Amino acid sequence: MTDFSSTDHAMMAQALRLAERAAYTTKPNPMVGCVIAQGQEVVGEGWHQRKGGPHAEVFALQAAGERARGATAYVTLEPCAHTGSTGPCADALIAAGVARVIAAMGDPFPQVDGAGFEKLRAAGIAVHQGLMEAQARKLNRGFLSRVERGRPWLRVKLATSIDGRTAMANGDSKWISGDAAREDVHRWRARSGAILTGSGTVLADDPQLTVRFGAPTEFVPPLRVVLDPGLATVARGRIRQGDAPTLYLHAPDAKKPREFAAQHAPVPIRDGRLDLHAVLDLLAERQINEVQVEAGATLAGAFIAAGLVDELLLYVAPVLLGERARPLFEGLMIDDMAHRLKMRIVETRRIGEDVRVLLQPDGVAA
């Protein structure tokens with residue numbers, strides 16, 4: 001096991017901060033940062049900014065110039081060894097003459113998966129991995145979920161009163177949370193590959209599901225996904241307005257309207273509803289890393305019951321809505337305490353007048 005120094009930790013922490021700068025622009029690629037240092041002196045740094053553009057190592061090597069020779073390269077993900085939109089980063093590091101590469105983690109993408117490390121070692125470069133790996137995995141939990149599990153990372157977003165209600169009995173939910181919380185939601189949307197809802201929400205609330213308030217300066221618009229078994233919503237609503245693409249997922253026997261030009265795809269039916277596992281498989285095939293579900297209690301509960309929720313983003317407002325208001329989830333059918341679904345709190349943060357709570361079901365690890 002490698003003993004990493006305090007300098008190694010400081011440099012990798014900076015590389016992780018650099019990687020996170022591209023949280024809104026790299027999808028579907030992973031976020032990657034690179035720092036090149038001579039001892040304690042940083043001589044170059046960079047991050048992968050967008051799909052098809054130079055990788056983090058390229059930017060860092062350009063900044064370092066000749067000072068990269070004999071230096072240590074700290075990178076948050078294994079350097080690639082294949083030619084995609086750009087050339088292999090492992091070759092660039094070899095050509096620059098770095099003496100050592102420290103990576104937070106390997107890259108499970110099949111075209112890399114150890115090949116980058118192997119190429120570096122074959123060129124005589126010392127390679128170490130595992131420094132701050134947990135932080136690196138958390139940063140790219142969506143990409144890793146798609147590559148390793150074959151499905152996107154699924155986050156359910158809900159706004160709730162302190163008595164666990166999401167809307168009045170008549171469906172009115174505007175607005176439980178305050179302005180600051182709603183702006184915060186848009187930043188979470190901006191980092192998502194897709195925002196998913198159900199036909200019931202489209203019919204009741206007419207949402208846009210776009211990134212607007214408090215949005216970052218630059219982002220890749222997330223795909224809007226509507227689960228609509230019978231294609232009941234295709235002729236109405238704001239869900240197809242604006243620049244963001246929209247995808248309708250429907251039952252195999254759904255009748256498509258004439259001149260229906262929107263993106264759509266059939267999904268198998270399981271237990272009388274669209275197969276949610278198949279939905280996520282389809283989105284993974286479309287290179288979606290993170291899905292943010294913004295729907296009512298029925299669909300949110302269905303994802304929970306199917307064991308597909310990786311993260312719960314809960315905005316708790318200091319209000320009471322009463323027992324006749326609608327609950328957070330429906331359909332869980334929990335009859336005794338022994339079968340309760342355990343969640344762990346990952347983070348709590350005050351957002352304006354509300355509290356944002358990030359939770360994960362027991363057994364889920366980033």
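Biologist: Leaving aside its neighbours within four places in sequence, which residues is His-250 in contact with?

Modeller: A contact list shows what surrounds a residue. Keep in mind that this is a predicted model. Beyond its neighbours within four places in sequence, His-250 is in contact with Asp-228, Pro-229, Leu-231, His-264, Ala-265, Pro-266, Val-267 and Leu-274. One of these also has a polar link: the side chains of His-250 and His-264 make a polar contact at 3.2 Å.

Biologist: Is His-250 buried or exposed?

Modeller: Read the relative accessible area against the cut-off. Buried means under 20%, so His-250, at 2%, counts as buried. The residue sits in strand β10, which covers residues 246-250.

Biologist: In which sense do β8 and β9 pair, parallel or antiparallel?

Modeller: The pairing of β8 (residues 194-198) with β9 (residues 223-227) is parallel and runs over five bridges. As for individual positions, Ile-195 stands opposite Arg-224 in β9.

Biologist: Next, annotated sites. Where does UniProt place the feature "binding site"?

Modeller: An annotation comes from a record, and the model then shows where the positions lie. The unreviewed UniProt entry places "binding site" at His-55, Cys-80 and Cys-89. These positions are spread over 35 residues of sequence, yet they cluster in space, with a largest C-alpha distance of 9.2 Å.

Biologist: Are His-55 and Cys-89 buried or partly exposed?

Modeller: His-55 is partly exposed, because its relative accessible area is 22%. Cys-89 is buried, because its relative accessible area is 1%. As for their places, His-55 lies in the loop between β2 (41-47) and α2 (56-64), while Cys-89 is found in helix α3 (residues 89-96). Not counting residues up to four places away in sequence, Cys-89 touches His-55, Glu-57, Pro-79 and Cys-80.

Biologist: What does the UniProt annotation "active site" cover?

Modeller: In the unreviewed entry, that annotation covers Glu-57. Glu-57 lies in helix α2 and is buried, with a relative accessible area of 3%. Apart from its neighbours within four places in sequence, Glu-57 is in contact with Cys-34, Val-75, Leu-77, Pro-79, Cys-89 and Leu-93.

Biologist: One more case. How many residues apart along the chain are Ala-300 and Thr-197?

Modeller: Ala-300 and Thr-197 are 103 residues apart along the chain, and their C-alpha atoms are separated by 9.2 Å. Ala-300 lies in helix α10 (residues 297-305) and counts as buried, at 0% relative accessibility. Neighbours within four places in sequence aside, Ala-300 is in contact with Val-156, Leu-328 and Phe-329.

Key
Residues numbered from 1 in each chain as written. Predicted model: local features only at pLDDT ≥ 70, side-chain atom pairs only at ≥ 80, totals over all residues. Heavy atoms only, no water. UniProt positions renumbered as here; feature names shortened; annotations may be inferred. Helix = DSSP H or I, 4+ residues; strand = E, 2+ residues; numbered from the N terminus. Buried < 20%, exposed > 50% of the residue type's maximum accessible area, 1.4 Å probe, protein only. Contact = heavy atoms within 4.5 Å. Polar contact = N/O pair within 3.5 Å; in protein donor to acceptor, adjacent residues only side chain to side chain. Pairing = 2+ DSSP bridges.
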